[in-house]
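Here's a quick briefing for anyone about to set up calculations on this one. Have a look at the structure first, then run through the notes below.

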Amino acid sequence: MHWYLTFFSLAGFFVEYGFTRLTPEFIHPCTVDNRTCLIQSTIYAIPYFTKGMPELGVPPLDPFYIERLTIPLAGMKISFLKGNVFGFRKSVIDNVESNFARRKFAIELHSNVTLNGGYEATGKILNFPINQEGEAKIKITNFKMIVMMNLDIMTDDKGVNHLFIKNYKYNVGYGDKVHYNFTNLFKSHPELSRTLHQLLNEHWKLVAEEFGKPIVDYATELAVRTIEKFFLAVPYEELIEGPIPSFK
Ligand SMILES: *[C@@H]1O[C@H](CO)[C@@H](O)[C@H](O)[C@H]1NC(C)=O
Ligand SMILES: *[C@@H]1O[C@H](CO)[C@@H](O)[C@H](O)[C@H]1NC(C)=O
Ligand SMILES: *[C@@H]1O[C@H](CO)[C@@H](O)[C@H](O)[C@H]1NC(C)=O
């Protein structure tokens, strides 16, 4: 029994001091539930984190890449192809809060976001059959997002603790303005294209609410998977100082 304990304290010792710190330099650990520190650390980490950390297997979030995403919209089917989403690097962090005893963590931010890429549209719009492809640009001014996560801690096969995301939900707001631009929408009817753009851009909020969910689902899932990879690569102790609060 005694030997056993010694063995584990030694193992702990090596985990703490025997290896180089795995966490990138830009991560500043916080004491548990320290909101001021969490906000500061997140603000500091965002530009680095969104750039990606290939050495930890964490892909970039700015831009992030959409190979293909198909969205039904008012009798049409629109696919985005080889799209890039820019802007999260410059997110403004509005709040970060945790209640670690309940394993809850939330982050709130807003950001100007642009989606650039190809599109294909098929179906019918304004009673005109449409079968087009071209370039799409969608620009969201002050896109707001709050992500609420339930976390937990697991111990890997080396005895190192890691955070993991059990589940999450989010709320978004499409902010101040969404601007849509699809080139080549009606090849031989430029007026029709103008009318449709006017319609989309006048009713930007309605369109975004109808249309945005699959894109936001995709983006949030990607961001959460990215955070998860980061948690897997980095020990809990290098993110949060002090003993792990017991679950309440
Ligand atoms: C919370 O974090 C701030 C900023 O890092 C620090 O100045 C303060 O001492 C911390 N408070 C506690 C209770 O640890
Ligand atoms: C987004 O752009 C608007 C208009 O250019 C600007 O006022 C706002 O501060 C920007 N927001 C962010 C989060 O950068
Ligand atoms: C869409 O973008 C093209 C090319 O940048 C530009 O010429 C056109 O005026 C834009 N249309 C709208 C509705 O913003």
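The shell around ligand 1 has one nonpolar residue, three polar ones and no charged ones (nonpolar covers Ala, Val, Leu, Ile, Met, Phe, Trp, Tyr, Cys and Pro; charged covers Asp, Glu, Lys and Arg; the others, Gly among them, are polar). Keep in mind that this is a predicted model, where local features need pLDDT of at least 70 and side-chain atom pairs count only at pLDDT 80 or more, while totals for chains, interfaces and linings use all residues. Residues are numbered from 1 along each chain as its sequence is written, chains are lettered from A and ligands numbered from 1 in the order in which they are written, and side-chain values use heavy atoms, with hydrogens and water left out.

**Ligand 1**
- Thr 31, Asn 34, Cys 37 and Gln 40 are the residues around ligand 1 (a residue is near a molecule or strand if one of its heavy atoms lies within 4 Å of it).
- Asn 34 has a side-chain N or O atom 2.3 Å from an oxygen atom of ligand 1, and Thr 31 places a polar side-chain atom 3.1 Å from an oxygen atom of this ligand.
- On its own, ligand 1 has 360 Å² of accessible area, and the protein covers 36% of that (areas come from the Shrake-Rupley method with a 1.4 Å probe; for residues, only the protein chains shown count as cover).

**Ligand 2**
- Around ligand 2 sit Val 92, His 110, Ser 111, Asn 112, Thr 141 and Asn 142.
- A polar side-chain atom of Asn 112 is 2.3 Å from an oxygen atom of ligand 2, while one from Asn 142 lies 2.9 Å from a nitrogen atom of the ligand.
- The protein buries 45% of the 360 Å² that ligand 2 exposes when taken alone.
- Both β5 and β6 give two or more residues to this shell, and the largest share, three residues, comes from β5 (strands are DSSP runs of E, at least two residues, and helices are runs of H or I, at least four, numbered from the N terminus).
- By class, the shell around ligand 2 has one nonpolar, five polar and no charged residues.

**Salt bridges**
- The count comes to seven salt bridges (a side-chain nitrogen of Lys or Arg within 4 Å of a carboxyl oxygen of Asp or Glu).
- Arg 103 pairs with Asp 152, with the closest N and O atoms 3.6 Å apart.
- That pair links distant parts of the chain, 49 residues apart: Arg 103 is in the loop between β4 (92-99) and β5, and Asp 152 is in strand β6.
- Arg 103 counts as buried because its relative accessibility is 7%, whereas Asp 152 is partly exposed at 24% (buried is under 20% relative accessible area, exposed over 50%, partly exposed in between, with a 1.4 Å probe and protein chains only).
- Asp 217 and Lys 213 meet in a salt bridge at 2.9 Å, N to O; they are four residues apart in helix α4 (residues 204-233), so about one helical turn separates them.
- Glu 221 and Arg 225 form another salt bridge, at 2.7 Å, N to O, and Glu 221, Arg 225 and Glu 228 are linked in a network.

**Surface**
- Leu 126, Phe 128 and Leu 199 make a nonpolar surface patch of about 240 Å² (patch residues have over 30% relative accessible area and no salt bridge; like charges are joined within 9 Å, and nonpolar side chains, meaning Val, Leu, Ile, Met, Phe, Trp and Tyr, within 5 Å).
- Leu 126 lies in the loop between β5 (104-125) and β6 (128-155).

Key:
A polar contact is a pair of N or O atoms within 3.5 Å; within protein, one must be able to donate a hydrogen and the other to accept it, and residues adjacent in sequence count only if both atoms are side-chain atoms.
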